[in-house]
Amino acid sequence: MTTATGASRPSTQGPVLAPTQTPATAERRRPSVDWRIRFGFLALIWGFSFLLIKVGTEGYAPFQVTFGRLLFGTAVLAVAMAVKREKLPRGARTWGHLAVAALLLNALPFSLFAYAELTIPSTLAGICNATSPLWGMALSLVALSEDRPTRVRIAGLGLGFLGVLTVLGAWQGFNGLDASGTAMALLASLSYPIGWIYVRRTLAGSGHSNLSLTGAQLLLATVQLAVVTPLFTSLPATFPVLPLLAIVALGVLGTGLAMLVQYGIVAEVGPTTAQMVTYFIPVIATAAGVAILGESLTWSTPVGAAIVLAGAALTQVKPRTR
């Protein structure tokens, strides 16, 4: 859900920026809350995001859910920018690249997940989201020269997609599975690494702050949904409270605040440790969907999810340097 101007590894919800301050500055600005607590909070709110999407779509159209999510998320970052006296980036070229990043990293995947959860459980959406590192590894082998196709990474790629087939019940002919909803969730997870690669090629070393770029990106994504939503939806006749609260929480907590927490963790412990949140999100999404929404769970779902996460972990193993 964020932008990237460095060569750090992406997380499931979006790439993270390498910290720009010096170790001494980071030490002076170290937050009072331990990073492990913030890490757990980040995994929790991102894991619950799929439940909130499901609840939101029970009262509002998917595009309306996404628009609300982006609107409230942008408001949080706007407040953070005002407090820190950050300014939006300048330059038509930078804004053009940010518009593409907003589409690939926010507007498109958020909308796809919202539409997907009309027909698939939130648990399945959360697991499909966990395939993002696998797609990223497959694409980076071609698009990014620094990611060498080692045997371990290729094995992780194959293992991860074997896990996807396990989750989907391939041996049963995908019986009882909504193909369109699952395809949209997988396309949403694919959109993230495409956006990451684009951002790394176009915005790396732009000189703007992380907060400035992210605020501009979310603002552009909100504008994109503000244009699209009226074309495909009509104004709701009623405004159900619970779905509306879910959208507000999705935007304020799962988008705006989550980005701020993510950047703080990256700045303190580095992107490698911060990206480990990826492996907790599907676990929390599955637990929330089963416990709160009463979604069914077969043995293939947790087993397949574990295989997916194991494969994703292998794709992140760095090659040994001679």
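Mentor: Let us begin with a definition: a crossing is left-handed if the near helix is turned anticlockwise from the far one by less than a right angle, and right-handed if clockwise. The model is predicted, with local features needing pLDDT of at least 70 and side-chain atom pairs counting only at pLDDT 80 or more, while totals for chains, interfaces and linings use all residues. Residues are numbered from 1 along each chain as its sequence is written, and side-chain values use heavy atoms, with hydrogens and water left out.

Trainee: What is the handedness of the crossing of α3 and α10?

Mentor: Helices (H or I, at least four residues) are DSSP runs, numbered from the N terminus. Helix α3 covers residues 62-83, and helix α10 covers residues 241-269. The crossing of α3 and α10 is right-handed.

Trainee: Which word describes how α3 lies relative to α10?

Mentor: Axes are lines fitted to C-alpha atoms, for helices over the stretch in contact, and angles run from 0 to 180 degrees between N-to-C directions. The axes of α3 and α10 are 7 Å apart, and the two helices pack at an angle of about 45 degrees. Angles under 35 degrees count as roughly parallel, over 145 as roughly antiparallel, 65 to 115 as roughly perpendicular and the rest as oblique. Therefore α3, relative to α10, is oblique.

Trainee: How do α9 and α10 run relative to each other, roughly parallel or roughly antiparallel?

Mentor: The axes of α9 (residues 210-232) and α10 come within 12 Å and cross at roughly 160 degrees. That angle makes α9, relative to α10, roughly antiparallel.

Trainee: Which residues of α10 make the contact with α9?

Mentor: Contact means heavy atoms within 4.5 Å. From α9, the contact is made by N210, L211, T214 and L218. From α10, the residues are T255, M259, L260 and Y263.

Trainee: Is Q64 buried or exposed?

Mentor: Q64 lies in helix α3 and touches T229, T233, S234 and P236, not counting residues up to four places away in sequence. Buried means under 20% relative accessible area, exposed over 50%, partly exposed in between (1.4 Å probe, protein chains only). Because its relative accessibility is 15%, Q64 counts as buried.

Trainee: What separates the C-alpha atoms of L168 and T301?

Mentor: L168 is found in helix α7 (residues 151-168). L168 and T301 are 133 residues apart along the chain. The separation of their C-alpha atoms is 7.8 Å.
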